Amino acid sequence: MNAVLGRGTCGGHLTLLFTVEDTSEDTMYQGSLGAGICLEDGIEAVARGKKGDFGLNVRFLSGSGNKQMYRQILDLLADEISIFKEYAWDIAIKMSLPASHGFGMSAAGAISSAIAFQRALGLPHEESLRRAYRNAHEVERINSTGLGDVTALAYGGVELRIKPGSPFSGMKLENGPGIAKSWSGKTQLVLAWRSNPGRHTSEYIDNTEWKSLISNAGNTEMEKLTEGEWNESRWNELLDSATNFSDNSKLSSDASRAELMEKGTKAVNQTGFNGDVSVMFCMLGESLVILPTKLDNNLSLDRLLPELEKQGLESMISEIGR
């Protein structure tokens, strides 16, 4: 029998501010409130299945990641839909952003692979998308690799997460409990990061003291952001809230993170962009996003890349995802 093939893609996501909502014993209700930006760049997954003994071989064509996560995704699909167990699987992963740097690559990998596996077997499109988001959210919570990335990616654009949890749940793949608002546009941005990542996300979100600091700071900003319509007019308010959250949560006071901000700010000053852009932390990685202060600015942000390299940082141009 010929092999079955399926392809899935998913952009990354960076969090600007958030809370930790993990008290429920049901992973579908765990997550976060907060705000962030979905990215065009992320992960492409191509799944190949051939009749045989059930299992999965994971290959990274670029980048690297947690192979076990992709096996967890396939196991969840196989537990629900038995035909998956009739195939020996191979999945090839192509990453355009690094893992463990605050770009939501675990969520993007889980979503894109779940889509690829289901497309290989020709499952219905909308049903497959909903199942991919639900299963990705569950794996994220099991592994403590993320809180709200999956819900953010289900909505796209510049999102405001107003209810925690998975965007889809239950055997009927109904909406919620996670809910967000979003808007989108073709605004460019710069991502910058260190070659070697710092702390793992779980070191923050599983720590009682950090959870309290983060959630208190996040809730304060969410009270402001949830008032009124969520659209492009809130851009500068979002940037201000992200800065407040970074300071009040104490996440910006980590020595390594403070040094990272200094490097990013120096690169901005060297290129004369100060005032035209804002330098923000991507939570919870040791990475930065450099955003225009005005959405309609046609800035030549690529001028920042060589200056960031001089500061010892890797970087790339991306844009707000749809």
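Mentor: A residue counts as buried under 20% relative accessible area, as exposed over 50% and as partly exposed in between (1.4 Å probe, protein chains only). This is a predicted model, in which local features need pLDDT of at least 70 and side-chain atom pairs count only at pLDDT 80 or more, while totals for chains, interfaces and linings use all residues. Residues are numbered from 1 along each chain as its sequence is written, and side-chain values use heavy atoms, with hydrogens and water left out.

Trainee: Why is E307 called buried?

Mentor: Its relative accessible area is 15%, which is under 20%, so E307 is buried. K310 is at 63%, which is over 50%, and therefore counts as exposed.

Trainee: What makes E307 and K310 a salt bridge?

Mentor: The term requires a side-chain nitrogen of Lys or Arg within 4 Å of a carboxyl oxygen of Asp or Glu. For E307 and K310 the N to O distance is 3.3 Å, so the pair qualifies. Both residues lie in helix α9 (residues 304–310), three residues apart, about one turn of the helix. Helices (H or I, at least four residues) and strands (E, at least two) are DSSP runs, numbered from the N terminus.

Trainee: Which parts does the pair of K51 and E86 tie together?

Mentor: K51 is in strand β2 and E86 in the loop between α1 (67–80) and β4 (87–95), so the pair joins parts that are 35 residues apart in sequence. The salt bridge has an N to O distance of 2.5 Å. K51 is partly exposed at 41% relative accessibility, and E86 is partly exposed at 37%. The structure holds 16 salt bridges, and E80, E127, R131 and R134 are linked in a network of them.

Trainee: Which residues of α2 and α3 meet?

Mentor: Contact means heavy atoms within 4.5 Å. On the α2 side the residues include A107, A110, I111 and A114, and on the α3 side they include L129, A132, Y133 and A136.

Trainee: What makes C10 and E221 buried, and where do they lie?

Mentor: C10 has a relative accessible area of 10% and is buried, being under 20%. C10 belongs to strand β1 (residues 4–18), and touches G42, I43, A108, I111, S112 and L153, not counting residues up to four places away in sequence. E221 is buried at 1%, and is located in helix α6 (residues 208–225). Leaving aside neighbours within four places in sequence, E221 is in contact with L17, S241, N244, F245 and N248.
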